[in-house]
Amino acid sequence: MWSIISVLVENKPGVLFKITNLFRSRNYNIDSISVGVTENPEVSRMTITTEADEKQLSQIIKQLDKLIDTLEVKLLDEKKSIYRELVMMKLKISKPTDIKEITDLANAFKCDVHDVRKSSIIIEITATPDRINALEDLVKGYGILEMARTGICALARGYGIED
Amino acid sequence: MIALEKEGVDIAFGLPGGANLPIYDELYKSNIRHVLVRHEQSASHMADGFGRVSRRPGVCFATSGPGATNIVTGIATAQADSAPMVAITGQVPSKMIGRDAFQESDIIGITNPIVKYAFQPMTPNEIPEVVKKAFYIAATGRPGPVLIDIPKDVQQNEAEIQFPSEVKIRGYHPWVDPDITQIERATEMLLSAERPIILAGGGVIISSAFAELQSIAELLMIPVVTTFKGKGSFPENHPLSLGPIGMHGHAEANKMMTEADCVLACGSRFSDRSVGTFEEFEKNLKIIHMDVDPAEIGKNQTTNIAVVGDVKTSLRIMVKMLIQKAIKRNGENAWAKRVKETKDYYRENLKIHPHPLAASKVLKKLREVLPAQSIVTTEVGQHQMWASLFFDVIHPGTFFSSTGLGTMGWGFPAAIGAKAAKPDVPVLDIAGEGSFNMTENSLAVSVLEDIPVIVFLLNNFTLGMVAQWQRTFYDRRMIGVDLKNCPDYVKVAEAYGAQGIRAQTIDEIGKAVQTAIKSNVATVIDIPIDPQEDVLPFVAPGTSLKDMILPS
């Protein structure tokens, strides 16, 4: 089961190491991880996606919770949260018409296009993993020279008593 | 040092080196007693033994690099058995960190998976708060080891220092109040069970829930089995006691555990060594699990009712509920009868190893002559499992062993730490020579620091447990187990200025223990036993408790 875990942690050195080391030492799997500071400079949010069965997932959450540097651990419901990933792909341009085709595809997928050159082009997309995978499939034919993914970033919908 | 004194520290175990000299210079001026060890690993085990017995964090010091890596085993041992410890290491000066300096090791990185928490203060004025937090974290909730790694310049520099009177750590909530409704449901489940059993783990000892546990067992007339770590959480001479379950559990304990339909597990993590295969254990068994650590719930066993919180508090609430409901059972039912019959049968009919110094005879003699309030530690190996089988703990909370990590060499230094915590009672390490070998240089500490402990050495001249597995599972292909009667442990004891006694009959063993207690000096009692004796019963690894192999 693919799951998104949102973890608030102390924003200090060594915390990312503790989290990733916990996954390593307990033989859990990290699919993606993204980290950034929150509105409170003392707190960072880590968004971790993982492939685990229900029992393992419950252990992951409890073990994360047990770490002293974690302040809040939440399992996000895919339907009740917004989650996105930013991806950049550098594609190969083999013939001049490629540029037009790729730009059209990019528009259809609401991508930004950067660094258009004779031999390569970079497209940038922020979307759910499904859409990203669909786009990747479509542009594969041109040749993906390089790709960078940020990992999932997510927030639960609504706030407080609304839920 | 002042910060340590403020935490009530009066003794610390350690060994100085380049990177912790400034700490030692302050130690020179302080009232804290320093116990100089011969190897840092022993310092960590001493702090561990001190911590388990006093239930206050034991403190050990080591220098950077190899000093720090030498205590890694001790930290891992304390973590596996939830023992409170504060380990303080020196580190190379902060400007040298990351430059592969002489005696630099990334001890924070190395110990990450085996500490409860680790600090590396980078300015002197952080130290008081760090020390306060370290003791708080080590001792509260589920206890464990905390590391403080202090760069040499941070030890040296002077600063205006404020000592905090309390600390708050927002991500740390060690105590949760147990949920009353859950305890009510647990009580109902226990009362409606036909074949209930109590499984007491190490958590009962850590939280001193002895009286509460005994009340529940006696009110409901429920038999009590323990894990090996929980050995001695319930008096083993009590009629309701069946002893430890597990790989080398008592036959009656394993048997009744597999027949029970409901278990009240208190402060136990259902280790594989205790329960055998996880799937088989939970079959046809309702599990009530009380534990202070929420992450233990459902980790190894599917729980029917979970009670998260201090075991002592939870059990006390349960006792109150039972008293309010005026429940007092007399034990006249089919299950109680079955339990008694099984216990009597196995206690009378299990075959004893036919050697004049069979482990069972030796350890029963030890029990006879050793006062009940004495503290007993063990090393790791066959002798440890024989202690589990044949040495009854009468006074709760007087038996300690490296049960989780299974660290050979733990028992002797831990006994020294225990004796430092409780100087008024005899402290004895039930040892095997393979394990004792690993930290025997602590004899110097026991003698010179006048912390006398007794090493009760079941000497079979082999790494006996490994030999048993080679006999059982590897078709008697014996390799790497023969210790060939070297060294002579009486002479070793004498070389360190300790008392060495060789005891070759049951009678001599009794007298030797009495002599050791009376003389109150460090003593090694060397007992040559039969190298061929196996530890039985035996639940082979990867099998379930019902597949227990009995002596034949």
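How many residues of domain 1 of chain B are in contact with domain 2 of chain B? Five residues of domain 1 of chain B are in contact with five residues of domain 2 of chain B, where contact means that the C-beta atoms, placed from the backbone, lie within 7 Å. Please keep in mind that this is a predicted model, in which local features need pLDDT of at least 70 and side-chain atom pairs count only at pLDDT 80 or more, while totals for chains, interfaces and linings use all residues. Residues are numbered from 1 along each chain as its sequence is written, and chains are lettered from A and ligands numbered from 1 in the order in which they are written.

**Chain A overall**

- Chain A has four helices and eight strands; these are DSSP runs, with helices being H or I of at least four residues and strands E of at least two, numbered from the N terminus.
- Along the sequence, these elements of chain A follow the pattern β-α-β-β-α-β-β-α-β-β-α-β.
- The C-alpha trace of chain A spans about 55 × 40 × 35 Å along its principal axes.
- Of its 163 residues, 23% count as buried, a label that requires 20 or more other C-beta atoms within 10 Å of the residue's own, with C-beta atoms placed from the backbone.
- Among contacts in chain A with a separation of 6 or more, 73% are between residues 24 or more positions apart.

**The two domains of chain A**

- Chain A splits into domain 1 (2-76) and domain 2 (82-156), with bounds that come from an automatic or database domain assignment.
- The C-alpha centres of these two domains of chain A lie 28 Å apart.
- Nine residues of domain 1 of chain A are in contact with seven residues of domain 2 of chain A.
- On the domain 1 side, β1 (2-10), β2 (32-37), β3 (43-51) and β4 (70-76) of chain A each supply at least two residues, and β2(A) gives the most, with three residues.
- That side of domain 1 of chain A comprises three nonpolar, five polar and one charged residue; here Ala, Val, Leu, Ile, Met, Phe, Trp, Tyr, Cys and Pro count as nonpolar, Asp, Glu, Lys and Arg as charged, and the others, Gly among them, as polar.

**The β2-β3 hairpin of chain A**

- A hairpin with five linking residues joins β2(A) to β3(A).
- The two strands β2(A) and β3(A) run antiparallel and are joined by six bridges; strands pair if DSSP finds at least two bridges between them.
- Within this pair, A:Ser32 stands opposite A:Thr49 in β3(A).

**Domains of chain B**

- Chain B is assigned domain 1 (2-156), domain 2 (180-348) and domain 3 (359-536).
- The C-alpha centres of domain 1 and domain 2 of chain B lie 37 Å apart.
- Returning to the opening contact, the side of domain 1 of chain B that touches domain 2 has one nonpolar, two polar and two charged residues.

**A parallel sheet in chain B**

- Six strands of chain B form an open sheet with parallel pairing, in the order β14-β13-β15-β16-β18-β17.
- At its edges are β14 (399-400) and β17 (499-502) of chain B, each pairing on one side only.
- Inside this sheet, five bridges join β15 (residues 427-432) to β16 (residues 454-459) of chain B, and B:Gly432 stands opposite B:Leu458 in β16(B).
- Helix α18 (residues 382-390) of chain B packs on the sheet, touching β13 (375-378), β15 and β16 of chain B, and its direction makes about 125 degrees with that of β15(B); axes are lines fitted to C-alpha atoms, for helices over the stretch in contact, with angles from 0 to 180 degrees between N-to-C directions.

**Between the chains**

- Twelve residues of chain B are in contact with 15 residues of chain A.

Key:
Two residues are in contact if their C-beta atoms, placed from the backbone, lie within 7 Å. A residue is buried if 20 or more other C-beta atoms lie within 10 Å of its own, exposed if 12 or fewer, and partly exposed in between; C-beta atoms are placed from the backbone.
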